[in-house]
Structure formats: C-alpha cells, structure tokens
Amino acid sequence: MASRAAGGTGVKGARRPEVRLPALEAFDGGVLEPDGDYDGLEFRELDLAGQDGGGARFMDCALTGCALDETRLRNARVLDSVLTGVRGVGTDLSDATLRDVELVDARLGGVQVHGAVLERVVIRGGKIDYLNLRTARLRDVVFEGCVLVEPDFGGAHLERVEFIDCALKRADLTAATLTDVDLRGAVELDIVRGVERLAGSVISTAQLMDLAPVLAAQMGVRVEG
C-alpha cells in the first residue's frame, strides 16, 4: 500500500510492505548456517550472537526478541519477514537484500548495512545507533517513530523514502542521491555532512529554518547581526 503522496509537491509516496505470515514452525534452536535456507520459521528469544548466516535466505520468517550481537548475515536475503524487538551491536547485514520486511522496535548499534538493497521496508519504533547504509539502495522505505543516531547514508541511493515522526541525529548524506524523499515528518532533522545533497527531497519551512546555518556554511555565507 502506498503512503500518502506529498500534496502539491509532486513527491511520490513510498509503497509499504504487506507482510502476511503463514503458520510458523519454531526454529529448532540450532545455529545459523552460511547459505542456509529458512522458510516459514519463528525465531523467538534466541541468542544468535556471533553466529554466521552469511548468504542465508529467510522467507516468511519472524524474528522476535533475538540477540544479534555481531551476527554475520552478509549477503543474506530477508524476504516477507517481520523482525520485532531484535537487539545487538555490530550486526553485519552488508550487501544483504531486505524486501517486504518490517523491523519493529529494534535496539541496534553499529549495524552494517552498507551495499545492501532495501525495498518495501518499514522501520518502526526503536533506536538504531551508527547505522551504516553507505552505498546502499533504498527504495520504498519508511522510517517511522524511530530514532537514528549518526546514520551514514554516504553514497547511498534513496528513492521514495519517508521519515515519519522519527529523529535523525547527526546524519551524513555525503554523495547520497535522493529521489522523492519526504523529510517533512521528521521531528528532528540534524544533518552534519552532505546537506547539499538534499536535492530530490522535500522538507518543511521549519526544517529549512533549522538547517539555515548549515546551508549558509555550505555556501560560504557569513551571517552576522
């Protein structure tokens, strides 16, 4: 389902995932395996810290309350799945694919998602510190009611991305490309680098005023008095 289009701005709203999980079987409690195939499984309150599921495929799965400290999921594919209350530091999702995914109330730090592809993804609630999305491709992604501390979008491509009731603290947009990105719903918009890359986005008048000092510095304008 598409989110609201920005009235009068021409910006296109993001299409949200419509995840309908089937009846799930409980994961047997073993360890994740590289290139594993996980279909229709529920991972509940499991400690997956330090495990290696690189290249694995998760289809129609639910991960609830799992610990993901330094869990290696590089090149993994997470499809039509819901992750709720996951937590961890240093989770590696670099070069992964997340499609039709809901990430709810996550508590993550230093998560590596660089080079990944996110399509029809909703990140709702929770807090993510030092989110590394460098060179990632985000299409139809919604950040809603979450706190992002020092997110790094360096070199990333964002298309039809919305920020709703969420806070972006010290965001880095260096070399990012934005198309139909709606930032008006962000309750805090703090950009420390790459403010000149905001072309292709829509912001509110109040946000423009908040960003004025950064924009002036970028343009070499000295403001006095």
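Tyr38 and Phe58 are both buried, where buried means under 20% relative accessible area, exposed over 50%, and partly exposed in between (1.4 Å probe, protein chains only). The model is a predicted one, in which local features need pLDDT of at least 70 and side-chain atom pairs count only at pLDDT 80 or more, while totals for chains, interfaces and linings use all residues. Residues are numbered from 1 along each chain as its sequence is written, and side-chain values use heavy atoms, with hydrogens and water left out.

A pair of aromatic rings is described by the distance of the centres and the angle of the planes. Rings of Phe, Tyr and Trp (its six-membered ring) pair if their centres lie within 6.5 Å; planes under 30 degrees apart count as stacked, over 60 as edge-to-face and the rest as tilted. By this rule the count comes to seven aromatic pairs. One of them is the edge-to-face pair of Phe27 and Tyr38, with 5.9 Å from centre to centre and 80 degrees between the planes. Phe27 lies in the loop between β1 (25–26) and β2 (37–39) and Tyr38 in strand β2, so this pair ties together parts that are eleven residues apart in sequence. Strands (E, at least two residues) are, like helices (H or I, at least four), DSSP runs numbered from the N terminus. Phe27 and Tyr38 are both buried.

Tyr38 also pairs with Phe58: the ring centres are 5.0 Å apart and the planes stand at 20 degrees, so the pair is stacked. Because Tyr38 lies in strand β2 and Phe58 in strand β4 (residues 57–59), the contact ties together parts that are 20 residues apart in sequence. Ring pairs link Phe27, Tyr38, Phe43 and Phe58 into a cluster.

Charged side chains come next. A salt bridge is a side-chain nitrogen of Lys or Arg within 4 Å of a carboxyl oxygen of Asp or Glu, and the count by this rule is 20 salt bridges. Among them, Glu144 and Arg124 meet at 3.9 Å, N to O. Glu144 lies in strand β10 (residues 137–144) and Arg124 in strand β9 (residues 117–129), so this bridge ties together parts that are 20 residues apart in sequence. Glu144 is partly exposed at 22% relative accessible area, and Arg124 is partly exposed at 30%.

Another salt bridge joins Asp172 and Arg193 (3.1 Å, N to O). Here Asp172 is buried, with a relative accessible area of 7%, whereas Arg193 is partly exposed at 45%.
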